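Me: Let's go through this structure in short questions and answers. Please show the sequence and the model.

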Amino acid sequence: MTAAQSLEDIHLNVVPRTETERARVDAATALPTDFSKAWPFEQNGGGAQTVRSRDTADAFSQPAANLTFEQELEFRIGNGMFRRVWVSPPASTLASDGLGPLYNARSCQRCHLKDGRGHPPEGPGDSAVSMFLRISIPAPEASEIAAYIDGIHPTAPDPTYGTQLQDFSLPGHKPEYRLDVSYEEIELPLAGGEVAHLRAPTYRAADLGYGPLHANAMLSPRVAPQMIGMGLLEAIPSEDILALADPEDVDGDGISGRPQIVWSDVYDQPMLGRFGHKAGNPTLLEQTASAFAGDIGISNPIHPAGSGDCTDAQTDCRAAMHGGDAEQSGFEIDQVGLDIVTFYSQTLAVPARRNLSDPEVLRGREVFYTTGCASCHRPNYVTHRLEGDNPASFQLIWPYTDLLLHDMGPDLADNRPEGCANGQEWRTAPLWGIGMTKLVSGHTYFLHDGRARSLLEAVLWHGGEAQHARDTVVDMPPEERAALIKYLESL
């Protein structure tokens, strides 16, 4: 399937738009030109799902504002399951056993603390519980899926370590590694006499527990992303995302976003990738199932192996007892539980924007648009109209992402392809809520690996298709840079 072909949103019960609705959507999502005041509905980034902005660490943990009573009850149950601490089998609490044998965290909440973003270890005494290394090797030949998806990069799991490295293990089993991170400070002069300091990371899989990595192993560091608004991202029409793609840069603006096309194990066909740092999963259900299996070692209907990511080379791990129960169809979490956690992830509310009418925020918004940031961080969409009482239905939202893959240059490259993404491409990260990271997560680390210690550092790491915008930020007067950051902090 080529990028130019349309992909149906078969994961949703879509009510087709009428021509009148299409005209309304086009008008609502047209890029504004008046930067002198706040725009209509700009405050409510999540549409009717938006909640008031709180000044506590629970700001990202609120249910969407438009849930029914029954849906909010399901959200609360999902929250409990998201926070559940899994234990090793066998255990007296059948619904909570099945951890590992190898794992990165004992609960979803341990990685996505307060539903916010993770961070790299902050020193020798800090764990990497919200960060890990993905791993793969070049595949000797293309898989059968390549016949259905053009441009896919053939890769395979590391024969010993699988698809990601786990740094925790149950008693009697060795962890796979310890994440070792070191940094080199880089000084970057800015216009106006200012100086920025960047830190260039080096990652090493230290203390390997099962022998050396494959000679051609490719590693990619990933921190856990924030959780808000993901059900709304899932409900954006794929045709609206594909319409933004320009892989050959036909319009000559230097931006050539490409869609990630991935194989859906649930629907057994190609779908548009939306979730993950390289958009490797098409739906939140599949993203959730992958995280349960890879991060916690919990088997489920989509990833049924009781040993999680353990490989054939890890014989003790494969032979260990697992927590699958007959009451849960033999899985450690069954379809009902998987659906509940997925619903929780779909309905975490987006907090309302702050300081919209602040003059410096308004100036920073103009800088954001005129610098070209909105070319990739697409501001707004209208979600599908959906059957039933789906809370994501027909909402004007402001996530600031095009959900496409972009070449971000060699400095941000992990040199590890994933699906249709090459080693320099990343999915545009949503920006809603980014100014609340310190409040929610207790830090200001950004980008896929947390190397940036501030929003300015994150901007200055941009390269590739974003090189021109980044250079513009370097060369602009200090007051304009400050206004840009003030605007980002208001999101």
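Me: In this predicted model, is strand 8 (residues 218-223) largely enclosed or open to the outside?
Reply: Strands here are DSSP runs of E with at least two residues, and helices are runs of H or I with at least four, all numbered from the N terminus. Buried means under 20% relative accessible area, exposed over 50%, and partly exposed in between, with a 1.4 Å probe and protein chains only. Five of the six residues of strand 8 are buried, so the rest of the structure leaves this strand largely enclosed.

Me: What rules sit behind the numbering and the values?
Reply: Residues count from 1 along each chain as its sequence is written, and side-chain values rest on heavy atoms, without hydrogens or water. The model is predicted, so local features need pLDDT of at least 70, side-chain atom pairs count only at pLDDT 80 or more, and totals for chains, interfaces and linings use all residues.

Me: Which residue of strand 8 is the bridge partner of R134?
Reply: Another position on the pairing is M131, which stands opposite V223 in strand 8. For R134, the bridge partner in strand 8 is S220.

Me: Which residue of the hairpin of strand 6 and strand 7 takes a positive phi?
Reply: Strand 6 (residues 178-189) and strand 7 (residues 195-206) pair antiparallel over twelve bridges. L188 stands opposite A196 in strand 7. Five residues lie between the two strands, and the positive phi, near 85°, belongs to G192.

Me: Within what arc do the buried residues of helix 1 fall?
Reply: In helix 1 (residues 19-29), the buried residues are E21, V25 and T29. The arc is taken over the directions from the helix axis to the C-beta atoms. These buried residues line one face of the helix, because seen down the axis they fall within an arc of 55°.

Me: Which strands do the buried residues of helix 1 pack against?
Reply: On the other side of helix 1, E19, T20, R24, D26 and A27 are exposed. Contact means heavy atoms within 4.5 Å. The buried residues pack against strand 11 (381-382), strand 12 (385-386) and strand 13 (396-397).

Me: Which element gives the most to the lining of the second largest pocket?
Reply: On a 1 Å grid over the protein atoms alone, a pocket is an open set of points with protein on both sides within 12 Å along at least five of seven lines; a cavity is a set where a 1.4 Å probe fits but cannot get out, and lining residues have an atom within 4 Å of a point. The second largest pocket is lined by 25 residues, with H11, L12, E234, Q346 and N390 nearest its centre. Helix 2 (69-83), helix 4 (230-234) and helix 8 (335-346) each give two or more residues. The most, four residues, come from helix 8.

Me: What is the volume of the largest cavity?
Reply: Grid points are joined across faces, edges and corners, and a volume is the space filled by probe spheres set on the points. The structure holds two cavities of 30 Å³ or more. Among the residues lining the largest cavity are E42, R353, W398 and W432. Its volume is about 60 Å³.

Me: How much space lies in the second largest cavity?
Reply: Its lining consists of L7, E8, D9, H11, M271, L272, R274 and P282. The space there is about 40 Å³.

Me: What is the omega of the cis peptide bond from G100 to P101?
Reply: Most residues other than glycine have a negative phi, and most peptide bonds are trans. P101 lies in the loop between helix 2 and strand 2. The bond from P89 to P90 is cis, with omega near -5°. For the cis bond from G100 to P101, omega is near 10°.

Me: Is F394 buried or exposed?
Reply: F394 lies in the loop between strand 12 and strand 13. Its phi is positive, near 50°. With a relative accessibility of 17%, F394 is buried.

Methods:
Two strands pair if DSSP finds at least two bridges between them.
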